[in-house]
Amino acid sequence: MSSHHYWTVWTCILGISLGHYLCGQSDEPEMLGEVIDLEPFVIHAGEIDVIDGITGKPYSAGHSEVWGFADSMKDLLLKYHQRLLLEEIRFLNEYLIEGRKFSKDLAELADSFGIKNFRLNKERWRLKERSILYRLSTKPFFRINALIVWDKDRLEQMFPTLPESKYVRDIRFNPSTEVWERRVTTRWEVSFSQINQRGRRGKSYHILKEQGLNLDTNEGFHFVSQGLPGQVPPNAFEEVEITYPIFFSSKEPVQDQVKRMQRLFVQNLYYIYDPFSWKARRQTRFRGGFSGDLLRHFERQGYRVTDRDWFNPVLCNLLSDVITIRYHGLPEIYRLHAYRTFQLSQNILGNGLDLLNWNEGENRVGQHNAPHRKTRLNFNSPGGARFVALDAYMRYTDKFLDTLRDNLKNSARKKVSGRSMIENAIEEVSGTPFEVYLKNAVKSQIGIIEKYRENYGSSAPE
């Protein structure tokens, strides 16, 4: 068989519409509350070469397991791209609808505590997600230029000598497991300059996301130079190009190999083709209410409290937690906290950290997660005080909020300690000296957090 090429035509009967934004009549996405609709569009048409990894030349052998997988790649890519779009559209729509209600309830609760005029900036809210969706629907983020085919039987005959091929950097024999492994590394680059109302260039951004994935263990690395700004335009994203390696062996049944290649390919795509995860990861996006937005708003306002560095985050977290419980239930608070504390590492991609330092000159260093970290809650820190205040709300609900609110109103004419107000409110509703309550609350909250100390590393879908 001669050099084999085939077309991957990602022609969808599905799409997204952001009103005038997608129609090219405006440079700005729609405001908060405009639901994203589905419309027809063509995603991408491109050619994927099939290359012999050992020779570096077009693959011409007749192994049916190779062509069986190669011929299925276009359908798998199409289906994954469709699912990626649909899931993100559904996810964002649900968040847009709920976000309006959540932020309205949070604003009303905050107002009762003297935090006035809190509202989300509709013109800037979730613009980057909309921008990414627009880019995803009109121009590819991600292109597989070549399928690199490795004959495992020939590799084992040559080992420990490896072929002189530029593609050999992405395979290795793991002596500890005695298994051949493959990898993909990617560079997601974003470059743009802000343009002010007068058309003049402002601040410039160059953001780099470097990722790598062991395609056989689904463990890898994730490094981002800085967070993605909300006003990023769709054309700022440069296309990501990769080659995808596969192993085959004449000693294994053909259909078993094809099915395994297909299953791993879909699992790999879940991690390596993710344009939405930058600083915020899949498991944390849009979670945690709007405590951060509320805190930034609160910090710009005057308030008669002496210890605002401590008090501001404690109060904002409490108010956001109250609304989170209303919408998602109490477990959501502990699940997210446990994931962030014990499982999250900004450097992990997939099921665990693999820095993929397979070749000379590769010396990446990353941070592991901390699944065995001891749980501590210190009332002197805002993070620890959050759970003490939450404990009081769990036990006394609106009675605790009303008492704290009254204490704040009674202190309107003089500056007071926010910590003292919370301690006094807890004493008043519990009828217990605060130090006694604190000891019991910390013990209780640590016990609850420990129950949620489970592995939150997502597994890729089948």
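Helices here are DSSP runs of H or I with at least four residues and strands are runs of E with at least two, both numbered from the N terminus. This is a predicted model, in which local features need pLDDT of at least 70 and side-chain atom pairs count only at pLDDT 80 or more, while totals for chains, interfaces and linings use all residues. Residues are numbered from 1 along each chain as its sequence is written, and side-chain values use heavy atoms, with hydrogens and water left out.

**Lysine 74**
- Lysine 74 sits in helix 2 (residues 64-112).
- With a relative accessible area of 34%, lysine 74 is partly exposed (buried means under 20%, exposed over 50% and partly exposed in between, using a 1.4 Å probe and protein chains only).
- From C-alpha to C-alpha, lysine 74 lies 9.8 Å from glutamate 47, and the two are 27 residues apart in sequence.

**The largest pocket**
- A pocket is an open set of points on a 1 Å grid over the protein atoms alone, where a 1.4 Å probe fits and protein lies on both sides within 12 Å along at least five of seven lines; lining residues have an atom within 4 Å of a point.
- The largest pocket holds about 890 Å³ of space, the volume being that filled by probe spheres set on the points, which are joined across faces, edges and corners.
- Its lining has 42 residues, and Thr284, Arg287, Gly288, Leu336 and Arg340 lie nearest the centre.
- Two or more lining residues come from each of helix 3 (127-138), helix 6 (291-299), helix 7 (308-328), helix 8 (330-343) and helix 9.
- Helix 8 gives the largest share of the lining, seven residues.
- By type, the lining has 14 nonpolar, 13 polar and 15 charged residues (Ala, Val, Leu, Ile, Met, Phe, Trp, Tyr, Cys and Pro count as nonpolar, Asp, Glu, Lys and Arg as charged, and the others, Gly among them, as polar).

**Asparagine 312**
- Asparagine 312 belongs to helix 7 and is buried, at 4% relative accessibility.
- Beyond its neighbours within four places in sequence, asparagine 312 is in contact with Leu295, Phe298 and Glu299 (contact means heavy atoms within 4.5 Å).

**Threonine 375**
- Threonine 375 lies in the loop between strand 9 (348-350) and helix 9 (382-410), and is buried at a relative accessible area of 11%.
- Its side chain makes a polar contact of 2.5 Å with the side chain of glutamate 450 and one of 3.2 Å with that of arginine 453.
- A polar contact is a pair of N or O atoms within 3.5 Å; within protein, one must be able to donate a hydrogen and the other to accept it, and residues adjacent in sequence count only if both atoms are side-chain atoms.
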